[in-house]
Amino acid sequence: MKVVIADSETTGLVEPQACEIAFIEMPEDFNEFRELDIPNPIEFLTSNEVHSSVFEQRYRPTKAIDPRASQVTGIYMKDLINCPSIKEFEYPKSTEVMIGHNIAYDWRVFGKPNVKLICTKELSQLVYSKADGLANNKLTTIVEFLYKEEGKKLTLKAHGALLDCKLVYLILLKISRKLPQVQRWDDLVSLCSQGTRSYEELSDISVPMTLMPFGKHGGKRFTEIPTDYLKWLLRQADLSKPVKLAAELELANR
């Protein structure tokens, strides 16, 4: 199974075209990824040693870049004059799983290729809450929340496609260790909505999770989980706050 982290910088939010694209190929074995040691996250941003394959390319769009987008990305039309046309880009057909932060946006930019999606923005809703001290689930906010010592330096130059891929990599590494029952990439796929959730839903970290993230009912909706199991779940001392809230709300509605 070919799994990649993907990101694009675009011309803006209205009918966006990519002007910069990056991919990082991931290990096929999910546990191989989870066990990786990254002792220095700052150095990780400038090194590709742990990756089997990295792609980064700017493209010339067929429409003007919105000035507001340029202010965020630092990419202007003058920077793309000698770049290949975006019409030449073709999403790699061998890819089966695409990972990113609000990945449904990039998936649409890439023309909705036939892949499974893993969204770190959705996964952050599953494992962290406002009660944990997370103000919102923006990419930079989560990085600074998870990597408190290095966070500001890590996000200093955010909004470059490859750099954002690497920030997603660091977030996913932390999230994977909060979900010990997840053993395969497909397990993470089952926890994500495959592009069906709205931007508003993805942006509200107080929205309770709808899918059980682990255990024998992992990947099932809380509405499908037996009452006895939910009651047993709530007796567990190390239960995360988002799971506890979802279980309590489901029991209250029965």
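Which residues of helix α11 (residues 227–234) are buried? In this predicted model, they are Tyr229, Leu230 and Leu233. These three residues lie on the same side of α11, because they cover an arc of only 100 degrees around the helix axis.

In soluble globular proteins, nonpolar side chains tend to be buried together. Here, the largest nonpolar core has 75 residues, and the members that touch the most others are Ile99, Trp185 and Leu188. Helix α8 is the element that gives the most to this core, contributing 12 residues. Apart from it lies another core, this one of 6 residues, including Cys19, Ala69, Ile75 and Leu80.

Beyond its neighbours within four places in sequence, isoleucine 99 is in contact with Val3, Val4, Ile5, Ala6, Met26, Ile118, Thr120, Val168, Leu172 and Trp185. One of these partners, alanine 6, belongs to strand β1 (residues 2–10). With a relative accessible area of 2%, alanine 6 falls under the 20% cut-off and is therefore buried. Its own contacts, again leaving aside neighbours within four places in sequence, are Ala22, Phe23, Met98, Ile99, Gly100, Ile103, Phe110 and Cys165. The C-alpha atoms of alanine 6 and valine 97 are separated by 9.9 Å, although the two residues are 91 places apart along the chain.

A pair of aromatic rings is described by the distance of the centres and the angle of the planes. A search of the whole structure finds 14 aromatic pairs. In one of them, the rings of phenylalanine 30 and phenylalanine 33 have centres 6.2 Å apart and planes at 50 degrees, so this pair is tilted. Both residues lie in helix α1 (residues 30–34), and because they are 3 residues apart there, about one helical turn separates them. Phenylalanine 30 is buried at 1% relative accessibility, and phenylalanine 33 is buried at 0%.

Phenylalanine 33 also forms an aromatic pair with tyrosine 169, with 5.1 Å between the centres and 85 degrees between the planes, an edge-to-face arrangement. Since phenylalanine 33 lies in helix α1 and tyrosine 169 in helix α8 (residues 161–176), the pair ties together parts that are 136 residues apart in sequence. Tyrosine 169 is likewise buried, with a relative accessible area of 1%. Elsewhere, ring pairs link Phe23, Phe55, Tyr59, Phe89, Tyr91 and Phe110 into a cluster; among these, Phe23 and Phe110 are also contacts of alanine 6.

Tyrosine 169 leads on to histidine 51, whose contacts beyond four places in sequence are Ile24, Phe44, Lys166 and Tyr169. Histidine 51 sits in the loop between α2 (41–44) and β3 (54–58).

Finally, two lysines are placed over aromatic rings. Lysine 148 lies over the face of phenylalanine 145, at 4.3 Å from the ring centre. The charged end of lysine 174 sits over the ring of tyrosine 147, 4.8 Å from the centre of that ring.

Methods:
Residues numbered from 1 in each chain as written. Predicted model: local features only at pLDDT ≥ 70, side-chain atom pairs only at ≥ 80, totals over all residues. Heavy atoms only, no water. Helix = DSSP H or I, 4+ residues; strand = E, 2+ residues; numbered from the N terminus. Contact = heavy atoms within 4.5 Å. Buried < 20%, exposed > 50% of the residue type's maximum accessible area, 1.4 Å probe, protein only. Arc of directions from axis to C-beta. Phe/Tyr/Trp six-rings, centres within 6.5 Å; stacked < 30°, edge-to-face > 60°. Lys NZ or Arg CZ within 6 Å of the ring centre and 35° of its normal. Core = buried A, V, L, I, M, F, W, Y, C linked by side-chain atoms within 4.5 Å.
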